[in-house]
Each structure stands twice: as C-alpha cells, then as structure tokens.
Amino acid sequence: MSECKSTSRNSQQIPLTNIADSQTQDNIPQPIEGIGEIVLVASGKGGVGKSTVTVNLAVSLRNQGLRVGVLDADLYGPSIARMFGASEGLKTDDRGIAQPTECHGVFVLSVASVMPPEAALVWKGPLVTQTLTQMFREVQWPEVDVLLVDLPPGTGDIQLTILEQFPICGALVVTTPQRLAVTDARRAVSMFHELDIPVFGLIENMDGYLCPCCGEHQQLFPSGAAKQLASDRSVAYLGGIAIDPDAQALADSGQPMVTAQAGGVTASRFNELADQLTSAVLKEQKYRAFQARESDHSNDTSHTDFWEPLLDE
Ligand SMILES: Nc1ncnc2c1ncn2[C@@H]1O[C@H](COP(=O)(O)OP(=O)(O)OP(=O)(O)O)[C@@H](O)[C@H]1O
Ligand SMILES: [Mg+2]
C-alpha cells in the first residue's frame with residue numbers, strides 16, 4: 001500500500017548547490033532550479049538492484065531529514081513509480097507544469113506515471129534527450145537537497161545525455177558478485193572517471209543469503225571481484241546487501257524496505273549506505289569549495305587526485 005504523503009521536513013545538512021556562482025563556461029551544465037546535489041545510481045548489468053537501492057536510499061536519506069527527489073531515468077524499463085507505490089498520472093500546477101508525486105516523503109518522477117504499463121517506448125536519441133530535459137528542467141521540482149537518478153543499465157545514450165546536460169555531483173555503482181556483472185560495472189566506473197564524475201562507491205547487492213533461522217550470512221557466489229574492482233579503480237567499496245526474501249514482494253507492492261521493515265537487517269544496511277552517501281556528497285562539496293578558492297586554477301586537481309587520499313579516512 002502506498003504511503004504517499006504531503007509532508008516534507010526542511011534540512012540544510014546538504015546545502016543546495018550554488019554551482020552557478022562558480023561556473024561561467026558555456027559547456028558546463030547549468031544548475032537546475034530547486035535541485036541541490038544530483039547523484040546517479042548506475043550499473044553495468046541489468047537487474048542487479050539499482051532501482052531497489054535508489055528507492056531505499058532515498059527514503060533513508062529522507063528519514064535523516066533531507067529533502068529528497070528521485071528521477072527515474074530508466075525510460076525503457078521504469079520501475080521507480082511501482083516501487084514507491086506512486087499513483088498513476090502527474091499533478092500539474094495552474095500553469096499546467098507537471099509536479100513530481102510525493103511518496104513516502106520523497107518526490108518521485110517517472111515516465112511510468114504518464115504511460116500505460118503496456119506501452120513500449122521506442123524512442124531514438126533526440127526524443128530521449130528531449131524527454132530527459134523535460135524531466136530535469138521542465139518539471140516543477142520542489143526544493144530538494146539530493147536528487148537520486150535511477151539509470152538504466154550500461155553506458156549508453158541516456159547516461160551520456162545526463163552526464164553532458166546536467167550538473168552531476170557523483171555516482172554510485174551497483175553490482176552483484178558475479179564476474180560478468182562486475183566486468184560491466186568496471187565499464188560504468190570507467191565512463192564516470194573518463195568524464196571526471198566521482199564514483200562515491202561500489203555497492204555489492206545480493207552478496208549472500210541471510211539464514212532466516214540463525215541470521216548467519218551464507219555466501220552463494222564466489223566473492224572478491226567487486227572488492228578487487230573497487231581497489232583497482234580507487235573507488236570505495238561500500239559493502240554488500242544480502243538477498244532478502246521479502247525484497248521482491250515489498251518492491252512490487254510499493255513498500256520500501258527501510259519503511260516496511262525498519263530496524264531489519266536490510267533496512268539497517270540501507271541506512272548505513274545513506275550515511276556513506278551523505279559523507280561522500282559533503283566531501284565532494286569540499287572539493288568544489290577548494291576548486292572555487294583556487295580561482296586561477298593553477299593548482300587544478302582532478303577528482304581522482306582528491307578522492308584517492310580520502311578513501312582511507
Ligand atoms: N537484496 C535483494 N534481495 C532480494 N531481491 C532483490 C534484492 N535487490 C533487488 N532484488 C530484486 O531483484 C529484482 C531486480 O532489482 P531491481 O529492479 O532493483 O534491479 P535493477 O538493477 O534496477 O534492474 P534494471 O536493470 O532492470 O533496471 C527485483 O525484483 C528486486 O525486488
Ligand atoms: Mg531498475
């Protein structure tokens with residue numbers, strides 16, 4: 001059952017970004033009114049749990065007191081509206097501008113809210129770009145501290161459009177333990193690094209099974225590949241999330257685990273991940289402040305130079 005509410009707490013834990021003040025070059029994406037930090041949730045392979053992670057992190061960040069939005073950029077396979085239990089259709093204001101739906105205290109926007117479930121999107125590049133621009137810039141977003149963007153799998157058109165057009169703070173990469181998934185996650189990490197977008201961490205979803213009787217963590221797949229990738233690319237390994245037998249039913253009925261099973265093992269993991277994400281965003285803000293101070297840019301450092309020493313902190 002949906003818990004769509006209209007309440008929203010104010011928080012300044014992560015202040016709204018003021019990128020506009022420090023960026024004047026034409027090729028730098030302009031800030032989006034009302035939206036603070038944009039964090040992408042990405043993967044190489046499909047079905048590894050990006051949308052599950054997005055929904056639960058969003059609600060967890062909201063529970064920390066942040067104002068949070070979620071944009072479902074998986075135009076061809078949108079899951080976010082269902083996982084939030086968002087009702088169909090989008091509200092519009094008196095000028096006819098669409099507004100995200102508030103669910104579980106999070107502002108949610110998905111093409112699934114305006115398309116019949118059986119409709120197949122067969123859009124080519126220009127229409128994809130246009131739709132994403134509308135979703136980011138032509139919707140009346142309320143002020144949010146963090147906007148989580150649920151990406152489709154891979155390193156395709158949608159990812160590149162978003163990275164080129166919108167001011168991205170950083171990305172989380174989700175993988176499962178299997179080598180095939182990790183190999184594709186490596187490509188996703190490379191894409192972000194090539195575009196100097198910090199990867200805030202690697203999340204290893206479904207990394208084992210928690211015995212319902214004794215709570216013991218049982219490993220189902222060979223482990224180590226995700227940690228190795230994190231180490232190779234100097235990305236923080238944020239830890240695993242075990243297979244939760246209730247995850248699918250809760251997702252299908254629009255109930256985030258952090259709400260439906262608050263206090264449970266999986267919910268606790270998401271809360272820890274939300275803390276790690278908040279710290280990463282604050283570090284990135286520190287980096288930007290540092291860059292802004294170096295106004296002549298004589299000491300320009302890449303994100304990698306900045307992030308690598310911080311990983312050990
Ligand atoms: N930790 C978990 N335990 C059990 N089931 C999970 C877990 N994480 C995700 N799932 C289930 O796995 C399926 C795929 O998850 P999800 O839709 O989040 O993946 P995705 O990466 O977003 O997929 P896609 O690439 O298709 O967008 C869903 O049915 C979800 O409920
Ligand atoms: Mg998904």
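Helices (H or I, at least four residues) and strands (E, at least two residues) are taken as DSSP runs and numbered from the N terminus. The structure is a predicted model, in which local features need pLDDT of at least 70 and side-chain atom pairs count only at pLDDT 80 or more, whereas totals for chains, interfaces and linings use all residues. Residues are numbered from 1 along each chain as its sequence is written, and chains are lettered from A and ligands numbered from 1 in the order in which they are written.

C211 lies in the loop that joins strand 9 (199–210) to strand 10 (217–218). Beyond its neighbours within four places in sequence, C211 is in contact with E216 and Q218, contact being defined by C-beta atoms, placed from the backbone, within 7 Å. The C-alpha atoms of C211 and I243 are 9.9 Å apart, although 32 residues separate the two in sequence.

Ligand 1 is surrounded by 20 residues, the closest being G46, K50, S51, T52 and A247, where a residue is near a molecule if its C-beta atom, placed from the backbone, lies within 6 Å of it. Two or more residues of this shell come from each of helix 2 (50–63), strand 9, strand 11 (237–243) and helix 8 (247–252).

Helix 2 is mostly covered, with 13 of its 14 residues buried, and just after helix 2, G65 adopts a positive phi of about 105°.

Note on methods:
Contact = placed C-beta atoms within 7 Å. Buried ≥ 20, exposed ≤ 12 C-beta atoms within 10 Å, placed from the backbone.
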